[in-house]
Protein chains: 2
Amino acid sequence: MTRIAIDAMGGDYAPAAIVDGAVWAAHDYNVPIELVGKEDEIKAELDRIAKKGINSNRGGYYVHKIKVDLSKLDIKITHAEEVIEMGEAVGQAIRKKKKSSIVLAVDAVAKGSSDAVVAAGSTGAAMASSLFGLGRLSGIERPAIALTLPTVKKPFMLLDAGANSTCTPNMLYQFALMGSTFVKSVYGYQDPRVGVLNIGEEAGKGNELVQTTYKMLEENKDGMNFIGNIEGKEIFKGMCDVIVCDGFVGNVALKTVEGSSSMLFEMIKQEFGCNIVSKIIGLIAKPFMKKIYRRINYEEFGGALLLGVKGITIIAHGRSTSYAIKNAVRVAKEAVESGVNKKITEFFK
Amino acid sequence: MTRIAIDAMGGDYAPAAIVDGAVWAAHDYNVPIELVGKEDEIKAELDRIAKKGINSNRGGYYVHKIKVDLSKLDIKITHAEEVIEMGEAVGQAIRKKKKSSIVLAVDAVAKGSSDAVVAAGSTGAAMASSLFGLGRLSGIERPAIALTLPTVKKPFMLLDAGANSTCTPNMLYQFALMGSTFVKSVYGYQDPRVGVLNIGEEAGKGNELVQTTYKMLEENKDGMNFIGNIEGKEIFKGMCDVIVCDGFVGNVALKTVEGSSSMLFEMIKQEFGCNIVSKIIGLIAKPFMKKIYRRINYEEFGGALLLGVKGITIIAHGRSTSYAIKNAVRVAKEAVESGVNKKITEFFK
């Protein structure tokens with residue numbers, strides 16, 4: 001049965017929210033868990049949960065307790081005495097802290113005691129330890145960070161969201177193939193539509209990278225459903241299932257969206273908070289704003305995937321709540337069971 | 001006195017909204033106008049305004065009539081028998097349609113009958129005809145599209161927003177210099193803070209382009225107030241006054257923000273429209289949402305600037321209302337009167 005290793009020490013609310021999310025997932029999805037981190041701290045969290053129940057925290061909006069019988073769940077602890085902190089120089093940290101929770105969580109997959117990793121700590125550390133500890137899938141030039149994003153219709157996958165600042169057309173082509181295979185086998189999308197993120201729809205648009213990628217995808221040698229270039233303003237309309245770009249562009253675009261959305265919510269707060277009448281109206285409108293917030297919330301998708309390594313690595317958001325971790329475990333389980341990596345490597349035989 | 005040439009035929013609501021905006025600007029700012037386009041159509045719009053007043057349309061939210069005495073305004077018409085349509089191949093169109101409204105509007109500046117151009121039609125056509133008709137400022141490698149964007153504090157300028165898909169570090173350096181000079185002399189910013197759009201704050205982050213640009217700006221030879229790299233999620237917090245990036249990244253990021261904001265407003269509509277109670281709450285909350293919409297609306301800034309050509313070219317949004325055109329004329333007038341181009345070229349003597 002698929003076991004998921006979780007870096008219990010990574011993330012802004014670790015270890016509490018991570019352990020809550022892990023137990024919640026074990027309970028809801030009947031999935032075995034391997035918690036990797038400081039044993040005493042993890043045990044303290046499990047004790048709390050045994051007594052008081054899981055803190056099911058979603059978007060900071062509501063918390064309620066879920067009673068569980070831990071003796072019925074398959075939860076294993078692997079002690080790790082070190083933690084790689086946010087902002088540490090990644091390359092150095094990976095080499096020096098061989099007993100860190102992220103390195104040992106990846107190790108669990110490499111050794112076969114678990115089948116996938118979920119990590120909410122430093123993205124760079126999760127990426128580097130996965131690349132180093134698991135290695136690339138056969139035939140894959142570089143792994144990519146793949147992010148599932150909402151649209152007004154069904155979600156799509158964007159890759160690369162930041163693993164590679166500089167890309168070749170062949171890398172983007174492989175990202176398209178990996179993303180396409182993933183949404184087909186894990187999300188069950190039929191004949192997923194693949195697009196290249198560009199500054200215009202016409203074939204000749206953009207820089208050399210996207211122009212050459214366009215030509216490679218147009219040849220259609222691996223049977224992908226390539227639908228052409230797609231502009232940033234169109235990506236949330238649900239016209240495309242997989243969108244490729246280099247990691248610099250993807251990362252900047254996503255973080256800019258994050259920044260502008262925060263500004264918008266900040267302005268909403270300011271406008272509704274400016275006098276007593278607007279405050280009351282704001283209170284009445286709040287449940288609707290919450291529903292919207294939930295629709296666009298990253299928590300539903302659990303986290304980003306590192307696609308292209310031998311194993312499944314889910315990079316959860318630093319601000320992951322227990323709900324986000326629970327979803328990340330679900331996605332990890334589904335990814336392992338779909339056999340997506342085997343399907344990807346078949347293209348390169 | 002500064003005269004502004006306006007392509008009366010460009011934009012989704014041309015010529016009506018363009019002529020309304022032009023007359024409104026002439027009336028409010030006492031600025032002479034040169035309307036370039038089909039004479040009979042422009043005259044018909046002016047007749048309508050003489051009888052019924054200006055349609056002052058702002059964000060589609062309210063329209064009211066403003067009575068004006070056209071005989072007291074300095075409005076000149078220059079006939080142009082052709083129009084470059086959206087989606088026409090730009091290079092070809094500029095060469096073939098020498099009597100088109102955009103080419104003749106730029107010509108008016110080149111010949112000196114006007115001092116700046118405002119154009120809401122094809123961005124490519126406005127850019128190409130300006131570059132071809134006015135030429136580059138002495139010492140400038142490539143012009144950039146500069147866009148003023150809102151933050152929770154004061155607005156900042158982002159460039160390049162799409163003129164150059166591929167850039168060199170020297171180009172980005174020059175964009176920083178142009179943007180910095182602009183916000184200083186036109187917006188009156190003191191010692192504007194300059195940042196490089198990147199995927200992390202540390203000096204070594206990102207691709208070769210931004211790494212080299214960082215080093216050039218760090219040398220500080222032109223006395224710019226360089227504050228380092230800035231991430232997409234930070235740009236709307238008001239920590240930076242000028243942000244540089246290549247035109248591919250800038251264009252994708254801005255359009256992605258546009259797309260995600262539209263999705264958000266669409267979801268708000270959906271949530272508030274789902275039943276009678278939510279509809280009533282939505283109606284009560286509407287004025288507040290309008291206020292927010294207005295704060296982030298492009299109309300307030302009139303349009304993007306093409307910085308680096310011998311003259312001032314303002315590229316207004318395709319969906320420009322009369323209010324957006326009025327503001328574009330104001331910005332054009334302020335830019336001319338500030339002598340910003342002279343200040344820019346002084347750096348390259």
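Predicted model: local features only at pLDDT ≥ 70, side-chain atom pairs only at ≥ 80, totals over all residues.
**Ground rules.** I keep in mind that local features need pLDDT of at least 70 and side-chain atom pairs count only at pLDDT 80 or more, while totals for chains, interfaces and linings use all residues, and that side-chain values use heavy atoms, with hydrogens and water left out. Residues are numbered from 1 along each chain as its sequence is written, and chains are lettered from A and ligands numbered from 1 in the order in which they are written.

**Helix α2 of chain A.** I took helices as DSSP runs of H or I of at least four residues and strands as runs of E of at least two, numbered from the N terminus. Helix α2(A) covers residues 39-52, and its 14 residues reach 20 Å from first C-alpha to last, close to the expected 20 Å, where the expected span is 1.5 Å times one less than the number of residues.

Next I asked which residues of α2(A) are buried. I found A:I42, A:E45, A:L46 and A:I49 to be buried, a word used for under 20% relative accessible area, with exposed for over 50% and partly exposed in between (1.4 Å probe, protein chains only). Seen down the axis of α2(A), these buried residues fall within an arc of 100°, so they line one face of the helix; the arc is that of the directions from the helix axis to the C-beta atoms. An α-helix has 3.6 residues a turn, so residues three or four places apart point the same way. On the other side of α2(A), I noted A:D40, A:K51 and A:K52 as exposed.

The cover over the buried residues of α2(A) includes α1 (16-29), β2 (33-37), β3 (54-58) and β5 (75-79) of chain A. Just after α2(A), A:G53 has a positive phi of about 100°.

**Cavities.** On a 1 Å grid over the protein atoms alone, a cavity is a set of points where a 1.4 Å probe fits but cannot get out, and lining residues have an atom within 4 Å of a point. The count comes to 2 cavities of 30 Å³ or more, a volume being the space filled by probe spheres set on grid points joined across faces, edges and corners.

The largest cavity holds about 70 Å³, and among the residues lining it I list B:D7, B:M9, B:S101 and B:A125. Helices α4 (101-111) and α5 (123-134) of chain B each supply at least two residues of that lining.

The second largest cavity holds about 40 Å³ and is lined by A:L158, A:L197, A:I235, A:G250, A:A253, A:L254 and B:T256. Helix α8 (residues 247-272) of chain A gives the most to this lining, with 3 residues.

I then looked up B:T256, which lies in helix α8 (residues 247-272) of chain B and counts as buried at 2% relative accessibility. Leaving aside neighbours within four places in sequence, B:T256 is in contact (heavy atoms within 4.5 Å) with residues including A:I235, A:F236 and A:A253.

**Backbone details.** A cis peptide bond, omega about 10°, joins A:L159 and A:D160, and A:D160 lies in the loop between β8 (156-159) and α6 (169-185) of chain A. Another bond, from B:A14 to B:P15, is cis with omega near -5°.

Finally, A:N30 has a phi near 55°, a positive value in a residue other than glycine, and counts as exposed at 53% relative accessibility.

Conventions
1 Å grid on protein atoms, 1.4 Å probe; cavity = no way out; pocket = protein on both sides within 12 Å on 5 of 7 lines; lining within 4 Å.
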